[in-house]
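Biologist: Before we start, please take the questions one at a time and give the cut-offs as the terms come up.

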Protein chains: 2
Amino acid sequence: MPLITFKPSGKTIDVPAGTELLEAARKAGIKIDSPCGGKGSCGKCIVHVLSGIVDSDSLGVLPQTAVADGYVLACKTKVLDGQITVDIPEQVGRTGGKFTKATTEDFNLIRQELLPERWEYEPLAIKWMIKVPPAKIEDGLSDLDRLSRALKREWGECEIIYSLPVLRKIPDTLREKDGMVTFTLVNDAKRCYVINIQPGDTTVNHYGVAIDVGTTTVAVELVYLFLGEVVAVRSDYNDQIDCGLDVISRINYAKNPERLEELRKRVLNSVNRLIKQAAESHNIDLNDISSGVISGNTAMIHLMLGINSEYLRLEPYTPTIRESPFLTAAEVGLDINPQSWLYFSPHVGSYVGGDITAGILCTDLATDSKDISLFIDIGTNGELVIGNSDFMLTCACSAGPAFEGGGIEFGMRAALGAVEKAEVDPKTGRAHYWTIGNVKAKGICGSGMISLLANLYLTGWIDASGKFNRQMKSKYIIVEGRFAKYIIVPAKESATGKDITISEMDIENIVRAKAAIYSACNLMLEQVGMKFEDLSTVYIAGGFGRSLDLEKAIVIGLVPDLPREKFHYIGNSSLMGTYMVLLSKEFREKQLELARKMTYVELNTAPAYMDQYIGALFLPHTDINRFPTVKKMKDDFTTKGTK
Amino acid sequence: MPLITFKPSGKTIDVPAGTELLEAARKAGIKIDSPCGGKGSCGKCIVHVLSGIVDSDSLGVLPQTAVADGYVLACKTKVLDGQITVDIPEQVGRTGGKFTKATTEDFNLIRQELLPERWEYEPLAIKWMIKVPPAKIEDGLSDLDRLSRALKREWGECEIIYSLPVLRKIPDTLREKDGMVTFTLVNDAKRCYVINIQPGDTTVNHYGVAIDVGTTTVAVELVYLFLGEVVAVRSDYNDQIDCGLDVISRINYAKNPERLEELRKRVLNSVNRLIKQAAESHNIDLNDISSGVISGNTAMIHLMLGINSEYLRLEPYTPTIRESPFLTAAEVGLDINPQSWLYFSPHVGSYVGGDITAGILCTDLATDSKDISLFIDIGTNGELVIGNSDFMLTCACSAGPAFEGGGIEFGMRAALGAVEKAEVDPKTGRAHYWTIGNVKAKGICGSGMISLLANLYLTGWIDASGKFNRQMKSKYIIVEGRFAKYIIVPAKESATGKDITISEMDIENIVRAKAAIYSACNLMLEQVGMKFEDLSTVYIAGGFGRSLDLEKAIVIGLVPDLPREKFHYIGNSSLMGTYMVLLSKEFREKQLELARKMTYVELNTAPAYMDQYIGALFLPHTDINRFPTVKKMKDDFTTKGTK
């Protein structure tokens, strides 16, 4: 019986010869999407046969070159004999979005459903195979002349630009396979930049990277451009965090050229490490990665490029670049093909950057809808966008890194071992908690904090100001002088062997963060003369992991108390938008249009902001009537509790 | 009395206060051109006052910024008091051209008279000072937006491209002098490349280099672009000569990537050394050199760029590049401002390169003249161009490096200590010789060889086949077995303390070189159905030093026996043309037009060439009737001699 190994999970299964791969995967407990029900028509169940003998009938749906490279439809492929290894690309996220629980292990999901229905595949870099006629003594043409003519014949009139490393490859490459060569190109209407030239047909070896550079977290998606699919996602802390937790601290740290250079290298190290891990996990040559799109807040991108970011912080808060300059991987220091072009998502201002213009690409703000949407990206800074196809306002507030684990004693980002949900026993005060990956707890992530805080508040263990109720006794609440802290995970259950706790100071940080975001939403609405009720949709983006408990986010007053169906949790929308920009010129153009259209509101100079902020420094708000359903929940609980 | 020191000669002179600088220079024996006779109208007597107090009235003729920087007209400047240092730029060559003897010490002359009368100054890189308005919080513009808008306002709509090192300089530079910045730009109609940005007005610090890369000799001109003048010329052997004397040996040497890399580094070392020397001689910061034009034969340019040159040598003799790619100094490895753009003179084919398309820029071939011109560039290869404004034919012949000193035992290039002229005593056989710089002889250069060979032939010491007449005895002719050699400079007079000689083998090499050139001229004329008599002008280019003795060149049969007024010796025309290309877009466009217009004739595949060549292997030719004036000279001498 054939033995099939499925990568990357490593699951194996024995099936009779002749079994369909799709069925074999199901038997092994691996879900492969097949909306057409295995008829071979939807083309969604693509898998990569790495070794072993199979009988496939995938032609017609997949291009010949893909099939030759081992890509098949799982529903149209029968396993024959021996040992077979099949790679199931992490086409994660087909089940993500809208607060449903994702089923894949990875939490940085590409949500196919966030993509518009129709869009044209036109990635930043393309590969193109052409046949160049041989040199003739009588025509007096150079190698470059023949190459360029052949390219223009298929590609239309354009200026073609070769870098020196590419020029050096030309004479031998042209002659190695009788003039059959594959170009890797960046084409921007006015001209073609040749990134690479390889002998023969190498169009199937075509990768790109989508990179999200956050103040706290850096994420990389390795995209197989030939099929437009994500083959690996990796994320990690930004190595810069040793130099300051938030954007302002980083800018202050980079006050001299040596420090600026240090920060540049730190963030590059983080990104390059993730790219390397992603590429190695699928045995991909870094030289076959020939384009990259990078999104990040304005300061992160300035620091990554080694550009003095001090003027972002000083009035009048001027960034040096907003729209993407033309830069190569070699110039920037990214470890992919050195001639690769990098594209940077455009910034709106010093505090609303490319992560936001990428993020709103997956929302109705990028469509021609007249309905008003609010987009909230909760990261180290909180950024908001409000508007529709007619207008867009945006602002940033210094929420701080609390929701990403920064400034919280046992805080951590949404990774293995993070407490992501916690309920509180109203009687004993003991927490029931869930960790990411179901392993021993290491710390608590943003979604865990929201869940815990809401439940501590609803059960009365903390009051509206976030202080522990000294009247109620619990062995999980430890009062030390004027301060108290709460044991979420007792030492004996934790991965570290120490109590995992949350202190009143930690809670204060979280409350400040949520207050900054809520009051900014409020102010932005006031600026356009609207109320929360006027919003059709609220998009929440951020690195909260697989899911965000919306109900609890409302309880703590992070987001307004609106009908639940108006909310969409879209996870790391910056990374998703970056992937979209890598894949299609249409999205690049749309993103530029959006960035140019947005009006930046500076909160620092808005006098009403401080009042709004102070009003929001309570759970859920000083004015509980703004949160009627929370008031009801609280009242219900108190009634029940006193019964 | 003021003490004036003139640089670079170091000559000093005491003159009364109030003396004009022009007069002071004359008194010190330094010639400064002043065609207008000191009226201050021609603007030719520009000098640079480095220190000391002078009273100048140069405004009106010189721009204010130049005067502020110390550039004055010598005729309109009076010395006042104290110690004054004046630099006289090597505005060499105003007296050059047309076989007259140049008076400057340097032999690589810029011949102003080779420039067309009217041409527009538009160098490859320009400097442009603009005022950028300060950042405002309300307009939301980035530094780059403000810069680009300010630039476009003055420069017109164009795409502006910044490299990363320039981007990094922007934020501080913009703020250092209240938005007053100087751009260094390369502008090619479709876009502007920003090479540099500096605070304040730095338009006067603007330099470029014109580089001629020959197989044997490399020459560099450092050009002060602000005034369009050459400030220093340096030349030296190409460090590659250790790896082969001619182009074919170099291509063979570069047969593997390590060897190719070695040759690339060797030629770059030569060029960078000369640039450094030139810059240091005038205390110029290499970063202020922000453009370069490079001309060389096709193989030299391929090797300099590290591009496999093997296919130049193999049928169908295909170069990889003909027209200039867009490359920066950093990419190429040239030690000037790393962001500088380099422009390469276009090649016609594998054996007619950018040195020729640069060279013919200073001839009537670049005008709309209908007269037929012949251009002969005598270097390691001999290249010819024949034609007029309607047609142009070009070919190359392997003359070998004899005229540059290569393959000749005591051969050397036209540098200090080279015998450049030699007469021979008909009775004793003793040579009377002249050396460059009037110093002890080190060897013999091309013009010396021509002069010596012609005189040995006319006086009968050698016969038409280049062999010493064994019947005539002289203590300067030493016969060793079947071979003989001739002592040009006896040991006691030479710089090395050894005899400087020329052997029959050396003479054979020289004869082969001249035969290759003459027979190629002949063949090209035949191809267009013309005779030598149909030529209006014959331009002779090459590194022969200050002068070429035309009469003697005809005696040995290097050039045809035509009326002498038809000949123009134009020296290193490649360097002159390169300088022109650096200075004006007009010349770049003309050069491209000429390169595209030329038809390349491959001598290797022309059956008649070998016959022509063999016929030319005599002094002056097998058929003496082709050289009637030489025949007459010889007859006259013989008659006199026998009298």
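This is a predicted model: local features need pLDDT of at least 70, side-chain atom pairs count only at pLDDT 80 or more; totals for chains, interfaces and linings use all residues.

Biologist: Is the crossing of α3(A) and α4(A) left-handed or right-handed?

Modeller: A crossing is left-handed if the near helix is turned anticlockwise from the far one by less than a right angle, and right-handed if clockwise. By that rule, the crossing of α3(A) and α4(A) is left-handed.

Biologist: How many residues in the contact of α3(A) with α4(A) are nonpolar?

Modeller: D143(A), L144(A) and L147(A) of α3(A) meet I170(A), P171(A) and L174(A) of α4(A) (contact: C-beta atoms, placed from the backbone, within 7 Å). Ala, Val, Leu, Ile, Met, Phe, Trp, Tyr, Cys and Pro count as nonpolar, Asp, Glu, Lys and Arg as charged, and the others, Gly among them, as polar. The contact of α3(A) with α4(A) then has 1 charged residue, no polar ones, and a nonpolar count of 5.

Biologist: What does the crossing angle make α12(A) relative to α16(A)?

Modeller: The axes of α12(A) (residues 504-527) and α16(A) (residues 608-615) come within 8 Å and cross at roughly 130°. That makes α12(A), relative to α16(A), oblique.

Biologist: How many charged residues are in the contact of α12(A) with α16(A)?

Modeller: Helix α12(A) brings A515(A), A516(A), S519(A), N522(A) and L523(A), and α16(A) brings A608(A), Y609(A), Q612(A) and Y613(A), to a contact whose crossing is right-handed. By class, the contact has 6 nonpolar residues, 3 polar ones and, as to charged residues, none.

Biologist: Which residues does Q612(A) contact, leaving aside its neighbours within four places in sequence?

Modeller: Q612(A), in helix α16 of chain A, has 19 other C-beta atoms within 10 Å and so is partly exposed (buried: 20 or more; exposed: 12 or fewer; partly exposed: in between; C-beta atoms placed from the backbone). S519(A) is 93 residues away from Q612(A) in sequence and 5.2 Å away in space, C-alpha to C-alpha. With those neighbours left aside, the contacts of Q612(A) are S519(A), N522(A) and L523(A).

Biologist: How many residues of helix α14 of chain A are buried?

Modeller: The helix covers residues 573-583 and is mostly covered. Among its buried residues are M576(A), G577(A) and Y579(A). The buried count in α14(A) is 11 of 11.

Biologist: What radius of gyration does chain A have?

Modeller: Chain A has 17 helices and 27 strands, and its C-alpha atoms fill a box of roughly 95 × 65 × 45 Å along the principal axes. The globule rule is 2.2 Å times the number of residues to the power 0.38, with the radius of gyration taken over C-alpha atoms. For 643 residues a compact globule would be near 26 Å, which agrees with the value for chain A, 27 Å.

Biologist: Which element gives the largest share of the side of chain B that touches chain A?

Modeller: The contact takes 38 residues from chain B and 38 residues from chain A. On chain B, α3 (143-155), β7 (159-162), α4 (164-176) and α9 (329-332) each supply at least two residues. The largest share of that side, 6 residues, comes from α4(B).

Biologist: What is omega for the cis peptide bond from L619(B) to P620(B)?

Modeller: P620(B) lies in the loop between α16 and α17 (628-642) of chain B. The peptide bond from L619(B) to P620(B) is cis, with omega near -15°.

Note on methods. Residues are numbered from 1 along each chain as its sequence is written. Chains are lettered from A and ligands numbered from 1 in the order in which they are written. Axes are lines fitted to C-alpha atoms, for helices over the stretch in contact, and angles run from 0 to 180 degrees between N-to-C directions. Helices (H or I, at least four residues) and strands (E, at least two) are DSSP runs, numbered from the N terminus. Angles under 35 degrees count as roughly parallel, over 145 as roughly antiparallel, 65 to 115 as roughly perpendicular and the rest as oblique. Two residues are in contact if their C-beta atoms, placed from the backbone, lie within 7 Å.
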